[in-house]
Amino acid sequence: VTPATGPAAGGTALVITGEGFQGGSLTATLCGKPLTSLVVVSDARLEGVTPSGAAGAVCDLTVTTSQGTATLAGAFTYATPVLRIGGITPASGPAAGGTTVVITGEGFQGGSLTATLCSVSLTGIRILSDTRLEGVTPAGTAGAVCSLRITTLAGSATLSSAFTYEEVPPPDCYSDAEL
């Protein structure tokens, strides 16, 4: 099987080599789930697309034809995502909170995800892709420089000094008429 690893989200195009793939109905499974877009290229070659799976799972590939069933143990591994924070935009906002931020990095998919600034949870978190998510900042203390922490089922990652709550200038004490 080539490649032998891919993301847990599935969608990896596989090439399976062997023999006896022609001559009747054929199915192929990874960890018991059927491959999609399965094509018999020749008697010795199949192509298919991986289904979704559990991160870290090592799967047997089973091919069944009218001639019988063959299994290749440990043929494919669903990669465990690496969680990393690349940055946050914008990197500052009002102490009242409510700033919509976009966070870049990797490993944002594959399960439950939380994000905090200065240990307070962001709200409205939306995972846009494995490398981008957005959320809304909570209220904070003016002048505070906060670490951003993201936690998923795969672990957690922290970006120090990621977001600054802006100081609010004092209100203007003079009216336009007095100037």
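Start by selecting cysteine 118 and cysteine 146: the torsion about their S-S bond is about -95 degrees, so this disulfide (a pair of cysteine sulfur atoms within 2.5 Å) is left-handed. Cysteine 118 sits in the loop between E12 and strand E13 (120–121) and cysteine 146 in strand E16, so the link ties parts 28 residues apart in sequence; strands here are DSSP runs of at least two residues, numbered from the N terminus. Cysteine 146 is buried at 1% relative accessible area, while cysteine 118, at 37%, is partly exposed (buried is under 20%, exposed over 50%, partly exposed in between, with a 1.4 Å probe and protein chains only).

A word on the ground rules: this is a predicted model, where local features need pLDDT of at least 70, side-chain atom pairs need 80 or more, and totals for chains, interfaces and linings use all residues. Numbering runs from 1 along each chain as its sequence is written, and side-chain values use heavy atoms, leaving out hydrogens and water.

Next, pick cysteine 31 and cysteine 59, joined by a disulfide with S to S 1.9 Å. That link is left-handed too, with -95 degrees about the S-S bond.

Now show the largest nonpolar core, 19 residues, including Ile88, Phe108 and Ile150 (a core is a set of buried Ala, Val, Leu, Ile, Met, Phe, Trp, Tyr and Cys residues joined through side-chain atoms within 4.5 Å). E17 gives the most to this core, with 4 residues. Apart from it lies another core of 16 residues, among them Ala8 and Leu46.
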